[in-house]
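Me: Please go through the contacts and helix packing of this model with me, one point at a time.

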Amino acid sequence: MITWSTSIWLYLWLAGIAGGAYFAAFLAERFAGEVNRKLLRLATYLGIPLAVIGVILLVVDLGQPLRFWHLLAEFKVISPMSMGTWILLVWVGIAVIMAVFWWAEYRLTEQMARNLRRITDVLAWVDFVFAGLLMAYTGVLLAASSQPLWVGTLLLPSLFVASAVSTGVAIVIITAVTGRNWAIPGRMVSRLAEADVILILVELAVLIGYAIWLGASTLAGTGEALRLLTIGALAAPFWLGVVLLALLVPFGLEVANWGKEIKTKAVWRTIIASSACVILGGLILRAVIVIAGQM
Amino acid sequence: MPKARLIDTSKCMACRGCQVACKQWNELPAVSTKQRGTYENPPELSGSTWIRVEFRERPGEWLFRAHTCMHCASASCEKVCPTAAISHQGEVVIIDQKWCIGCGYCVQACPFNIPHRDEITGTARKCTFCIDRITNGLEPACAKTCPPSAIQFGERADLIAAAHRRVRTLVADYGYPNACVYGENELGGLHTIYVLTDRPPVFGLPETPELATSTVLAQWLSGVITAGVVAALPFWFLFRRRKQIEAEQKSKVEGGTK
């Protein structure tokens, strides 16, 4: 019986993208020493609505939607769903505060704006940690259960984090190259696309490890779960949607683009196509794992 | 002294009286079902079916097992429940129907596939051990009705002793070499104890049931380490290099203009 269906895998996908985009943008700018935070702002403005849509989907999926606030009356460390509720709340809350501060910066005196930037700086660090927890939570949620596919290994949270960062980078890239108003430097976008190549390799490695671990697990039901994915009823979405669409196709496209700056239409198109594949493939990964786990 | 329920599969004749008694006492609606070529009915446990006799056939023999909540001492459903709507009241695991939000987490977490989300109430529901009966000195409806006393209710320690005696008899006199007691130590001790005429997996029970949250710390670490180390490295590698290159270019440009 499938208890968790469309809303759940859509939510896991959206929360992953939101956390991943923030995570990637934060790191890219920190390491690059960027001070104006354009990328982080873009990721934050994208992440807030995605996370909110995800939460709405979750609430609607409850058997008693009007009782959603009961989640906020409990703080239960052992329950990943309870922890996830708080992580999501803190992450979105801080992101909204940061967005308000960025908006306010231009409307204050120089001295006040500088103070505000200092606070935003600290908030950005805190929200970076929560973005990491948010991505991890989407996997841990499933991994604290009795479904062999979800609990048979310790790699499901790892797989979902790799996919979350990859899809997050992809959405930042698409927004940066289509939304010219953002004026994200082309070199920054190219480096992001290169980061995605490495992330795809990481995700592929984790996926292979996950499959091997499942196959070798002595836990009852893991073998059947693996067969369901690879040769069973869900083999088509797994091989075509996850392996090909989320991993191999964008890997090929982005390797072809490696080192090229976005100056020609062809490079531009390739970068959008590969990012779109990553995002769609991430959705199929969540759907396949959520459904297969309950079959 | 904790109470328990003993279900002896060697005595069960699959009359399904327990199913009817459970529905009657708990005022649960009947489910409309289709003939599936078996007397096993309804097809699965649900929000309105809290006990169900499972039929398994093998050459020359039927295996019947009444499938219902184990009331585990370490209950996965209770652990994962994000609103703490699931709690222990003595040995009984209860879902507070006024507090449950119907998230379905207990459904995923239970190693025995017991709680289910009820379409009508929107909440997760399952066997209550007839807590309204047992706290008033009565036995659960399923045990009360069972004609061959395949379901018994009583002191847990007494029932475990009786179960071991029965298993010894089954092994020695009835030719069931694999007969066993299930639930004595599993998950901190179950409060539904089984006498099984064969190994647990033959009856659809996990040989060693695990608590859903038993690896939760390691799972968190898996996600956090992947994020903090593996996924962060490409950014360090690519963007730090960019900073360096730009610094070099800048110094070159500056050097050129001098």
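Reply: A crossing is left-handed if the near helix is turned anticlockwise from the far one by less than a right angle, and right-handed if clockwise. Helices (H or I, at least four residues) and strands (E, at least two) are DSSP runs, numbered from the N terminus. This is a predicted model, in which local features need pLDDT of at least 70 and side-chain atom pairs count only at pLDDT 80 or more, while totals for chains, interfaces and linings use all residues. Residues are numbered from 1 along each chain as its sequence is written, and chains are lettered from A and ligands numbered from 1 in the order in which they are written.

Me: In which hand does H6(A) pass H10(A)?

Reply: H6(A) and H10(A), the latter spanning residues 265-294, pack at an angle of about 145° with their axes 9 Å apart. Axes are lines fitted to C-alpha atoms, for helices over the stretch in contact, and angles run from 0 to 180 degrees between N-to-C directions. The crossing of H6(A) with H10(A) is left-handed.

Me: How is H1(A) oriented to H6(A)?

Reply: Their axes come within 7 Å and cross at roughly 70°. Angles under 35 degrees count as roughly parallel, over 145 as roughly antiparallel, 65 to 115 as roughly perpendicular and the rest as oblique. H1(A) is therefore, relative to H6(A), roughly perpendicular.

Me: How many charged residues does the contact of H1(A) with H6(A) have?

Reply: Residues are in contact if their C-beta atoms, placed from the backbone, lie within 7 Å. On H1(A) they include A:Gly16, A:Gly19 and A:Phe23, and on H6(A) A:Phe160, A:Ser163 and A:Thr167 are among them. Ala, Val, Leu, Ile, Met, Phe, Trp, Tyr, Cys and Pro count as nonpolar, Asp, Glu, Lys and Arg as charged, and the others, Gly among them, as polar. The contact has 11 nonpolar and six polar residues, and its charged residues number no charged at all: none.

Me: Which helix gives the most to the side of chain A that touches chain B?

Reply: The contact takes 52 residues from chain A and 48 residues from chain B. Helices H1, H3, H4, H6 and H7 of chain A each supply at least two residues of that side. With seven residues, the one that gives the most is H7(A).

Me: Which residue takes a positive phi in the hairpin of E4(B) and E5(B)?

Reply: E4(B) (residues 86-89) and E5(B) (residues 92-95) run antiparallel and are joined by four bridges; strands pair if DSSP finds at least two bridges between them. B:Gln89 stands opposite B:Val92. Two residues lie between the strands, and the one with a positive phi near 65° is B:Gly90.

Notes
Two residues are in contact if their C-beta atoms, placed from the backbone, lie within 7 Å.
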